[in-house]
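Visitor: I would like to learn how to read a few features of a protein model. Could you walk me through them?
Guide: Gladly; let us look at it together.

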Protein chains: 4
Amino acid sequence: MSSQASADQTHFPQPAPSASLADAYRASRRLTQALVAPLSDADATLQSMEDASPAKWHLAHTNWFFETFLLRDHGTGFQLFDEKWPFLFNSYYEAEGARISRLSRGMLSRPTVAQILEWRSAIDAAMEGLLDDPALAPLIALGISHEQQHQELLLTDIKHALFQNPLGPAMWDDAAPADVIQTTDQAWHSHPGGIVMMGHQGSGFAFDNEGPAHRVLLEPFALADRLVTNGEWAQFIADGGYRTAGLWLSDGWAWVQQNGIDAPLYWHEGDHFTHTGWRGRDPAAPVSHISYYEADAFATWAGARLPTENEWEAIGQQDDARGGNQLDSAVPPSPCGGTALFGDCWQFTRSAYLPYPRFKPAEGAVGEYNGKFMSGQFVLKGASCATARGHSRSSYRNFFYPHQRWQFTGLRLARDI
Amino acid sequence: MSSQASADQTHFPQPAPSASLADAYRASRRLTQALVAPLSDADATLQSMEDASPAKWHLAHTNWFFETFLLRDHGTGFQLFDEKWPFLFNSYYEAEGARISRLSRGMLSRPTVAQILEWRSAIDAAMEGLLDDPALAPLIALGISHEQQHQELLLTDIKHALFQNPLGPAMWDDAAPADVIQTTDQAWHSHPGGIVMMGHQGSGFAFDNEGPAHRVLLEPFALADRLVTNGEWAQFIADGGYRTAGLWLSDGWAWVQQNGIDAPLYWHEGDHFTHTGWRGRDPAAPVSHISYYEADAFATWAGARLPTENEWEAIGQQDDARGGNQLDSAVPPSPCGGTALFGDCWQFTRSAYLPYPRFKPAEGAVGEYNGKFMSGQFVLKGASCATARGHSRSSYRNFFYPHQRWQFTGLRLARDI
Amino acid sequence: MSSQASADQTHFPQPAPSASLADAYRASRRLTQALVAPLSDADATLQSMEDASPAKWHLAHTNWFFETFLLRDHGTGFQLFDEKWPFLFNSYYEAEGARISRLSRGMLSRPTVAQILEWRSAIDAAMEGLLDDPALAPLIALGISHEQQHQELLLTDIKHALFQNPLGPAMWDDAAPADVIQTTDQAWHSHPGGIVMMGHQGSGFAFDNEGPAHRVLLEPFALADRLVTNGEWAQFIADGGYRTAGLWLSDGWAWVQQNGIDAPLYWHEGDHFTHTGWRGRDPAAPVSHISYYEADAFATWAGARLPTENEWEAIGQQDDARGGNQLDSAVPPSPCGGTALFGDCWQFTRSAYLPYPRFKPAEGAVGEYNGKFMSGQFVLKGASCATARGHSRSSYRNFFYPHQRWQFTGLRLARDI
Amino acid sequence: MSSQASADQTHFPQPAPSASLADAYRASRRLTQALVAPLSDADATLQSMEDASPAKWHLAHTNWFFETFLLRDHGTGFQLFDEKWPFLFNSYYEAEGARISRLSRGMLSRPTVAQILEWRSAIDAAMEGLLDDPALAPLIALGISHEQQHQELLLTDIKHALFQNPLGPAMWDDAAPADVIQTTDQAWHSHPGGIVMMGHQGSGFAFDNEGPAHRVLLEPFALADRLVTNGEWAQFIADGGYRTAGLWLSDGWAWVQQNGIDAPLYWHEGDHFTHTGWRGRDPAAPVSHISYYEADAFATWAGARLPTENEWEAIGQQDDARGGNQLDSAVPPSPCGGTALFGDCWQFTRSAYLPYPRFKPAEGAVGEYNGKFMSGQFVLKGASCATARGHSRSSYRNFFYPHQRWQFTGLRLARDI
């Protein structure tokens, strides 16, 4: 639903030098394959719910993107690797024709991971001839960003799938012991308000939904300097947070009642499920795997509120260097300290995902990326421990439905000043 | 879901003179009763879907409001008319305790309409002692506005219920022949953009969600001077609008497919269902009973877009005199010409229903009115032919889920300039 | 679902004298109207679930039967009373064309009960000309039996509808105090087994599913001489009956778990809901409103079993005089003593509802009555306090799905000897 | 749902010589493993619907049976292979404690097929010590029959899973060309009726639901000498069979409408899906993969009816040698000629699956096999091409719900004479 990617070519006036783009392409492709490496063919076939896709599907779909929009549309001597596969690995591009129903992706024991890896090798070989073409650089950059999004989804989807197994299997068995995290008192970044430019403005790549850049008028506000922690969440629970109707949005309260929600996803007693299996929870680590409803209820309980996307971005613009512990190799993603804007959890804003002023969807199938999802979802800012390094930026707009929580979703409080 | 009402007492610094408030109270009460007059007890018991309530329930719930928040909380010698009835006629106020499940409202053959009217008489008699108390004026004004909202819901709910009957019964049999409407060419109100004050600012009554007043920065835009018509909608249909995935939001397309949608609600061949039964459609009249998804798809098809709530309000501020054909007596509501901002159909905006900067819900049960509905819904502006005269204003924020269309919902196009 | 009626003309060789048939027709018509008399138009419009129909619908449907299969098919100068009403009041006769969806029956606030009574008067007047025609006697007898079935459904459906109302309204306010019932020790009717004729054999009316008469071979068995009581059921509950998986059929256990079943329908603490409102339960009265699953689990718990339909009928043949407290006027139905075979509750058998050897459905629309329901249902024998007097007989086969329990359903134990 | 197995020890007075039982054990275990051999670990993990289980689950569950009821209950020095696995591989034995929800079986990418095969080897080794114990022979025979049932389910479940894949993968790629089948004119086996013994009577193994043997009284009838063919089914379709309400049971017609049914499962144009992928249909081969509803409608259309289980068994008793093309090695199952009673398709009877006179469930967990499924299902007789050779007999009672059709289900007509 929330997969996003679109070349907004008007926001890509100065493509990065082709040499580094080619390297970025190769590194991104290798990373996807490294993420799949610990999985068996059966692991990679699992689909645990309609929102999620099998790992092998992500492996294949990201390849389908390059085969379709680069090699088919711009290559020479193009031939489909397998003419039946586009039906399987198209996601939601209506303009690209019929496709397998989303719920049936979990039935794809064939092709195997090995066959898909063979396909990827073939595409990579063919792509070598296009990587230096400056005219294609925006599309290639789009394909890389698209693949980075699916790297994160691959990780959150397989986590959800393995969680269904009563054995609690680990994807990576040997977890390096996490550093002990010290919770700091929460401090606040203040902002004086005023007219601020929002949206992507630079020469780097951005998705179409990040633009056009435009002015907004902000009132003074403050944003917390760190994320809410597991320990603070435990206080919310202990204080009856999940049983107090007055803290919740009406839709949220119905969701709590109907689903018997009483804790974040993956919590069980003092443990939580991770890519390395069941582990003890660190009270000082950022809370994760919460829904918008939960984030909003917590903020109300805490006497604060969620930030708007503009508020978050106004602070984030000061910090686009963005360190954090994002993903750059195939190691288990895990939140670290929660003090960076980017890198632990995606952070809910109270802003609905809607078009910016003068937004126009791109033409053609790639234009289906973002605009058509603009109803019913909320914007998240930042990045998570499972986001590819360099993928995010302050203008980035991630988006999910308010009940969804299988992503690494957390919250950072805001307040009026 | 979307019933709204809340005394934002901070926005009611100068209550209207008690004499006229008392008159307003009495007029509003009479209007509700007049709306129910053409209905049999059985008609008034019907509930056609979870979103709708029986007419008798509206009749009783609006009375419960005054019994509870005025007479119980502020009266003397208060005694419940019937101690079992609050359980039946509370709507969603969690703080007021347990209540009948929404889906069971349609099982209330008892009490009868006659019994409820008797209750209303008793409450009206008791209220006479409070109508002149200036300290209660804000709450009374809230109760009147609340009752006006339910007058409109009563009309849209009973329309939906009678529509289920294959006999197509009319609520009012004798429809005055509508004036022939001339469609004018669409013209545009332009706005130069800039910093504009939004939200309720005056001394009159307003709901809490209309404030606080605050500044916003607008880009230049234009708003159509009339609503989209039935005739224009027929062109959209003829052009394959309901079969063209590229025009639709992703959620909207799924809704169209799953529900086999191919026209506005209540359309059947050249006719549409009204409070006076099945009638021919006037091509020049504003299209009504469309969902947000349909409104958005139409705007895309027309090469335009929906306005934001700020844009609509900026134009609306010039027009708060607001004529139109709103409801002021128990006659069949029907759209007339579509050229007034207020009075034909509620108009979808592309703005999600979210809190204004520094919004704080009111304390206590009445504070449950608006804030808790702030997820997943879209704002509509204006008023419809079924809105009580004087109920709306440019700062008014109505809200519904994007698939709902049993209200008198239409659209007015906007574009960038 | 289970409405049954069909003229099996081969089982009606000697129609009853037309004089008494005419009287039976008139008495049956009056009884239906008497049952509706205590209901308001709104009461009579309620539909509480898909299995049930509004009282006014029963009132009209039974009339539709005579209008359609007698007056239309065999009358002279026939004209429909209202040409739109057959669409509303056909039930499931596919051969009679399109009809309103079952779930929409509860939307029929129009026509009113008064209008339907007017229609019934017109049909009764026209029927007078046909009541003496011997050729039509079988069809008229069928129509009377059909109407008797709907009298019982009317009573069980309105009970279920009124039960939904938290006010617990009574259909009849003045309940005669029930006689105090003395529970007797359970004794057993023994049967030696052997070859026995089953099915309807006499000259009276019977439904097609009761024939053809045929031989069966029975093993020796015993049938309890009275029904299981409320008091015995309370012991089953106290012994953990609803929490012991091993007592239940697999489908039954799933039904218990999914619906949180822990008592018969209409039980609440020491009371149960009746046509005269909430009343204390008599431990000596037969338990009622149980599903097949519950009946089967109880029998297992009691170390007995349910009888087969053949076993029940073999005993019942000795008792076709059938007293009991069946319905013969518009008074509140209530179980009395449980010692009669007929008259307290329909009694579950362990026999699926399937065709008898050489069964052939009747031709034409009336042939749709019984044969098409022969999958998934169980046979019940006897009659209930809400069954019209004279309606039942030992060959009678009532049938319901194993989870249904809004009828007056009880159980009588059997065992091998 | 329909897995059956239970040692009715009273029907096993003369256990087969232990030597041949040991051989039977070993052969059965090898066959299961041979059936899984063509499947990848991912194939064997697929679960396509709640009714079906993954191949690896069948592989493990059949092993769990021997580990639990033989080695744990009767072995010496018993130790669980893995203490977490019983939770995964118990099926529905309430007495054996908690177990994974049926719908989650498809999430078991771990343990792998290889790990389960290792477990099977360990169990087989331990079982060697018990195979010669005459006291355990009945339980071992039960375990073998239980495993044979799961061999058939494994084949029908994996067929359904592979069918979901748009690639239409074959489990066995090299199908031997089927012999050309000659349709013979349908002839009839006549039976004079009378008193006949039914149920299992011999000294061989039988499930508890096949007894006790008992007398029944049959009327004269005739049973077709072959199954209905694909070609005859095509005539039914061409004659509008799926669009003619009058041919269908009421529940069946609702099923057809709600699911858009217009052909047997696995049919697409002139082809059907098989274990060797998509193949052309042979008009002379028996039709398969039909529901009870379809079988009943066809019989009505053909002017015949389905046999009762007693009728079928009375004919089958003459033919217990039973050849046919049942399963005895890991080759693709395929219907052959349709003239044998056993071996092409399970054949629907019109008899509900209910207990025989004086039936008593066995004590203990193994007693949960059959009795608890006795509601809502129909009996099928015979055997299919996927039934293990020697598994079936004339007293065998297979059973499924009337809408289910992923088994090799066909029909054989009957008629009164």
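Visitor: How many residue pairs are in polar contact across the interface of chain A and chain D?
Guide: A polar contact is a pair of N or O atoms within 3.5 Å; within protein, one must be able to donate a hydrogen and the other to accept it, and residues adjacent in sequence count only if both atoms are side-chain atoms. Here the rule finds six residue pairs across that interface, both residues at pLDDT 80 or more.
Guide: A word on the basis: this is a predicted model, where local features need pLDDT of at least 70, side-chain atom pairs count only at pLDDT 80 or more, and totals for chains, interfaces and linings use all residues. Residues are numbered from 1 along each chain as its sequence is written, chains are lettered from A and ligands numbered from 1 in the order in which they are written, and side-chain values use heavy atoms, with hydrogens and water left out.

Visitor: How many salt bridges are there between chain A and chain D?
Guide: Look for a side-chain nitrogen of Lys or Arg within 4 Å of a carboxyl oxygen of Asp or Glu. Two salt bridges are counted between chain A and chain D. One of them joins the side chains of Arg110(A) and Asp43(D), at 2.7 Å from N to O.

Visitor: What area do chain A and chain D bury between them?
Guide: Buried area is the accessible area (1.4 Å probe) that two parts lose on being put together, summed over both. For chain A and chain D the value is about 2,100 Å², with 64% of it on carbon and sulfur atoms.

Visitor: What is the peptide bond from Arg110(A) to Pro111(A), cis or trans?
Guide: Most residues other than glycine have a negative phi, and most peptide bonds are trans. The bond from Arg110(A) to Pro111(A) is cis, with omega near -5°. Another cis bond joins Gly211(B) and Pro212(B), with omega about 0°.

Visitor: And what is phi at His289(C)?
Guide: His289(C) is not a glycine, yet its phi is positive, about 60°. This residue is buried (under 20% relative accessible area, exposed being over 50% and partly exposed in between; 1.4 Å probe, protein chains only), at a relative accessible area of 4%. Arg358(D) also has a positive phi, near 65°, but Arg358(D) is partly exposed, at 34%.
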